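Dear colleague,

I am passing on the structure we spoke about, and I would be glad if you could look it over alongside the notes below.

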Amino acid sequence: EILKTIKRYVLNRTENVSSPLDLPPTLPARDRSFVEQLADELKLPWSSIDNDDGDRFMRLQLPQTQGDDDDDEEDEEDEEASMAVQRIIRKYEKATVQEMTSEESQKAAQEKYDEEFLAWKNKYYQTKFGWGLENKEEMKKLAQNYVQGLQWVLFYYYRGIASWPWFFQYHYAPMISDVNAGLGADMDFKLGQPFRPYDQLMGVLPDRSKKIVPTAYWDLMTSPDSPIYDFYPRDFDLDMNGKKMEWEAVVKIPFIDEKRLLSALKTKEHLLSPDEKARNDFGACLKFTYSPDVNYVYPSSMPGVFPDLPNCRCIENIFELPVMDGLEPYAGLMTGVHLGDAALAGFPSIKTLPNHGQLGFHGVCVFQQDSRNESQVVTLLDPGSRASVELAKKKLGKRVHVGFPFLQEALVIRVSDELFDYILPPGEEHPVSIPHTPQQIEQWKKKAVKIENTYSKRLATIIGEVEALVHIQLLKGMIKTDDGATIKEFADMPGQETDYALQVIVDEVKNPDQRFIEREAVSIEEDFPEGSRAFFLGDFNYGRPVHVGGHEDGKVNGLIAAVKGREPEFGRERVKAAEQLCPYMPSYAVARSLRLNALVLAKITSSFTVDIEGTRANLGLNLKFQAKQQKVLGYSRRGESGWEFSQKAVELIQQYMINFPEFIA
C-alpha cells in the first residue's frame, strides 16, 4: 500500500511538484525504514516533521525543476528521470513478498540486530582502544577498572573516600553490555594520601598556565630535559566523539603517573619560598559556633583584599571530620518510610490510580524515534468508570491532584465534553452548560486525542478514550487573609498545562504536602508572641526585621530595624560609571566615522546569511537581533535614536572591514 501511494505521487509529477506527500505519524518503524530506502533510491527528498499535536510524521517532496518548461534539454532529462523512476518502481513491484509469522519475523529481526550490534561494538573498540571484541584480556581489564569506578563513586557518596590515588585509566568507557566482564574486580582500595595544592595543579594544568604555580616548577613543564615533560604536550588529538563543540571533545593527553609526578616535584621543594611552602600545606577545618557572649573583630584572611569582620559573635574551633571506623553503614530503606500511594508530596507513584503493567511492543517515542524493543506499558484499570462528564461536574469548585503520576494540587474551575463547557457560577448549586461552536468542537476533539496520545506515546500509559476534560488552576502558594487565616492560592501559571483528562485526576492523597497546610485565624498574640521576631512586609522598610514588644487593639507594637533614610540608589551611579568607561555611539555616527553605508553596517552587525557554493553561511557579527529585540552586553544596546555600539564593537567592525574588504565593497 505504501508503494502504491508513493508510485502515484512520483508518476503524477506535474500535479504534485508543488505539494508534498505526508505519511501518517502512526507508521511503524519498519515501514518508515522501508519508505526511507525507497525514497533514497528514487532520489526523492524526505524529512521528519512535528505536527500540531507534537507527533512526528514523514514528508516526501518532489524536487523543484529549474529553467523554462520548453527547454528541450530539460525535457530530455525529465524523460530519463521518469524512466529511471519507473524502473525502480517495477523492481519493487516484481519483488517477492516473504510471508513470515510474527515469531519468525521477530527472530529474523533479532538475529540481524545481534549481528549488526556486534559489528558496531567491535568497530567502537577498534576505533577507541585499538583492539576488538576478540581481545578478552583487554576487555576484562577495561571492565574491571570501570566496575571499580562505580564502586569508588558509591563509597565516596555513602562512606567517604575509598582511595585518593585511584583513577579510571582509559579515555572511554566499555559498552554497558560488556560491563559484566568486570564483575569480581578487586575492590581492596588503598586509601593513600590526597595531593597537596601544588601537586594537584601540576597534575591538571597545561604548561601555558605555568604562572599559576611557583616559578620553581616552571622548567618541569617546559624543559625537554624534565622527567615529566611528556605530561604537558603542546600537540594532542581531540576526539569529538559525537559532540559538536571542541570543549566537549575527549582530550587525548596522557594520564598522570603519581609516583613520577611527586618524585619530580620533590626535587624542587627546596627552591620554594617560606610563603609558598605554607600555601602548599594541608589546612585545618574550622567550625564557627554562634555565642551571644562574645563580640570581637575577626581579622581578614586576605588583608587588603577582604576587610576585617566587625561584631563577630562566633567561637572558632578546629573541626575534626567524623570517621566511619567501627561503624557499619545501614543499607536499605529506613523503617516507616512511605512508599506507593502513601509517598510524601513530590515523590511520584503510579499506585495513586488503579493500574496493571506488562511488557509489550508499544513504540514509545524516545528522542523523536519509536522504541523498537519491549517497553513496560501501564494500563489504567476501568478508566470508563471515571471518565463520564456527570462525574466531572461533581468536581467543579473542588480541589484535586493533576499531572498523574507527578501530582500537583489544583482547583477545578471548568469541565467540558465534546459539546459543552460546564461552569459553576458563584452561589449556585447546579452547573451551567455553555454550548461549543463547531470550531470549539474540533479543538476539543484534537485536545482529547493529544492527551490520550501523549500518555501512550511519551509515557507508555494507556488511559483509554477521553470523554471529559477538567480545566484547572494550579496551586500557586499560601496567602494570609485580612483576618489572619492562612489559605491556599490557586492561579493560572504561565507555561503550565491547564487541561487534563478526567480519568487521570486523583481526588485525594494520603500524605498532603506539609508546606501547604491551611490554618484558621488565631489571635495576634498567638500568631506573634511577645518577644518573638518577624519580618515587616509593608511598603516602607520591606523585609526588615521586627522585634515584637507587645500588642494593642489587635495590632503589634514592635521595633523595626530600619535603615537610616532611604537606601542609596547605587545602581544609577554604577551605570553612569560604566558609561564613562565604555561609551556608546549611535549607529549613524559609527557608520559616518567608518565611512560605511548605514544599511551595510546594519547588515554586518546582525545575522547575515549568504549562499556560498550551495552552503548557507552566516557572515554577520551577531551584535544585535532586531526582530527579537536582543542585544549583546558590552557591545550593543537600543537607544532613543536607534541602535548604539560600544568602542569594543567598533573595533570589531573595523577588524571585519580589514578582513573582508571585497565583501564590504
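The notes that follow concern a helix, a nonpolar core and a lysine.

Please keep in mind throughout that this is a predicted model. In helix α1, which spans residues 2–11, the buried residues are Ile2, Leu3, Ile6, Tyr9 and Val10. These residues lie on the same side of α1, because the arc they cover around the axis is only 130°. An α-helix has 3.6 residues a turn, so residues three or four places apart point the same way. On the face of α1 turned away from that buried side one finds the exposed residues Lys4 and Arg8.

The largest nonpolar core has 20 residues, of which Ile6, Val10, Val35, Leu38, Leu42, Leu44 and Leu60 touch the most other members. Two or more residues of this core come from each of α1, α3 (29–41), β3 (56–60) and α4 (72–94), and α1 gives the most, with five residues. If residues up to four places away in sequence are left aside, Ile6 touches Leu21, Val35, Leu38, Leu42, Leu44 and Leu60.

The lysine is Lys395, which is placed in the loop between α11 (389–393) and β14 (399–402). Is Lys395 buried or exposed? Its relative accessible area is 11%, and because buried means under 20%, Lys395 counts as buried. The side chain of Lys395 makes a polar contact, at 2.6 Å, with the side chain of Asp507. Again not counting residues up to four places away in sequence, Lys395 touches Val400, Val412, Leu502 and Ile505 as well as Asp507.

With best regards

Methods
Residues numbered from 1 in each chain as written. Predicted model: local features only at pLDDT ≥ 70, side-chain atom pairs only at ≥ 80, totals over all residues. Heavy atoms only, no water. Buried < 20%, exposed > 50% of the residue type's maximum accessible area, 1.4 Å probe, protein only. Helix = DSSP H or I, 4+ residues; strand = E, 2+ residues; numbered from the N terminus. Arc of directions from axis to C-beta. Core = buried A, V, L, I, M, F, W, Y, C linked by side-chain atoms within 4.5 Å. Contact = heavy atoms within 4.5 Å. Polar contact = N/O pair within 3.5 Å; in protein donor to acceptor, adjacent residues only side chain to side chain.
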